[in-house]
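Please keep the sequence and the model in view while reading.

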Amino acid sequence: MSLYEQISLAVQKGEIEEVGSLSKQALEEGNNALDVLNSALMPGIEIVGEKFGRDELFIPEVMMCAQALQAGINTINPFLTKEQSSYKAKIVIGTVANDVHDLGKNLVKMMFTANGFEVIDMGVDVSAEKFAAALEEHKPQVLGLSALLTTTMPEMAKTIELINSKGLHDGLQIMVGGAPVTEDFAKEIGADFYADNAIEAANTVKGMI
């Protein structure tokens, strides 16, 4: 098994220290950092995404794999050129008002970061006004809203309504997600797209940017 295959497999197994160690070894052997990313780390997480889509992996396992991926990225990042390591896009994410659940949001954050996006994490229980202020301050390309309760889903609509009223939706893609959220609900409240899981969210944004 090649070193790149070992790295990919370690990502798939969620072996955080092993991924970091093998990625360091790959660099020491003269491999290009960008090549390690594209030919070893990313193929590993793509397989994780495929398995998750087939219900062969569950969220806690995917989180471990995402953390392993991040360990590899942290190892190679100093060796990427400035151009290679520049962020693809800026994303603001957060859990809406009156909702303090952050597991799904944190997984989405890890996947976005691992895929080269700059993420501004607003945390949990974020009001519509705070989201709007963050958009004005950071001027992201994407806003991600998370809700884990049916009772807090209306806060998504409230947030989007405020964003529209302030003229902040132009040039901005709004993504919504969370256990009770559906694609129909996303369309109903004026979101631009819905993501069923963190890997789908990352892949969707990659396709847009």
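The numbered points below take up the domains, the sheet, the nonpolar cores and a few individual residues.

1. Basis of the note. This is a predicted model, in which local features need pLDDT of at least 70 and side-chain atom pairs count only at pLDDT 80 or more, whereas totals for chains, interfaces and linings use all residues. Residues are numbered from 1 along each chain as its sequence is written, and side-chain values use heavy atoms, with hydrogens and water left out.

2. Domains. The chain is divided into domain 1 (3-80) and domain 2 (89-208); such bounds come from an automatic or database domain assignment. The centres of the two domains, taken over C-alpha atoms, are separated by 26 Å. Between them, 13 residues of domain 1 are in contact with 9 residues of domain 2, where contact means heavy atoms within 4.5 Å.

3. The sheet. Helices (H or I, at least four residues) and strands (E, at least two) are DSSP runs, numbered from the N terminus. An open sheet is formed by 5 strands in the order 2-1-3-4-5, with parallel pairing; two strands pair if DSSP finds at least two bridges between them. Strand 2 and strand 5 (193-194) stand at the edges with a single partner strand each, so one side of each has no neighbour in the sheet.

4. Strand 1 and its partners. In strand 1 (residues 90-95), 5 of the 6 residues are buried, so this strand is largely enclosed by the rest of the structure. Buried means under 20% relative accessible area, exposed means over 50%, and partly exposed lies in between (1.4 Å probe, protein chains only). Strand 1 is joined to strand 2 (residues 118-121) by 4 bridges, and the two run parallel; lysine 90 has glutamate 118 as its bridge partner in strand 2. From strand 1 the chain crosses through helix 6 (residues 103-114) to strand 2, in a right-handed β-α-β crossover. Right-handed here means that, with the strands pointing away from the viewer, the path from the first strand over the helix to the second runs clockwise. With strand 3 (residues 142-146), strand 1 pairs in the parallel sense over 5 bridges, and threonine 95 is partnered by serine 146 in strand 3.

5. Strand 3 and strand 4 (residues 173-177) run parallel and are joined by 5 bridges; the partner of valine 142 in strand 4 is glutamine 173. Helix 7 (residues 128-138) packs on the sheet and touches strand 1, strand 2 and strand 3, its direction making about 165° with that of strand 1. Helix 8 (residues 153-165) lies across strand 3 and strand 4, at about 155° to strand 3. The axes are lines fitted to C-alpha atoms, for helices over the stretch in contact, and angles run from 0 to 180 degrees between N-to-C directions.

6. Nonpolar cores. A nonpolar core is a set of buried Ala, Val, Leu, Ile, Met, Phe, Trp, Tyr and Cys residues joined through side-chain atoms within 4.5 Å. The largest has 48 residues, and those with the most contacts inside it are Ile7, Leu41, Ile45, Leu69 and Phe112. Elements giving two or more residues to this core include helix 1 (3-13), helix 4 (59-76) and helix 10 (198-208), while helix 3 gives the most, with 9 residues. Each of domain 1 and domain 2 supplies at least three residues to this core. Apart from it lies another core, of 27 residues, among them Leu162, Ile163, Ala186 and Ile189.

7. Methionine 110 is placed in helix 6 and is buried, with a relative accessible area of 15%. Not counting residues up to four places away in sequence, methionine 110 touches Met63, Ala66, Gln67 and Gln70. Glutamate 136, found in helix 7, is partly exposed at 43% relative accessibility. Leaving aside neighbours within four places in sequence, glutamate 136 is in contact with Lys166 and Leu168.

8. Aspartate 125 is found in the loop between strand 2 and helix 7 and counts as partly exposed at 38% relative accessibility.
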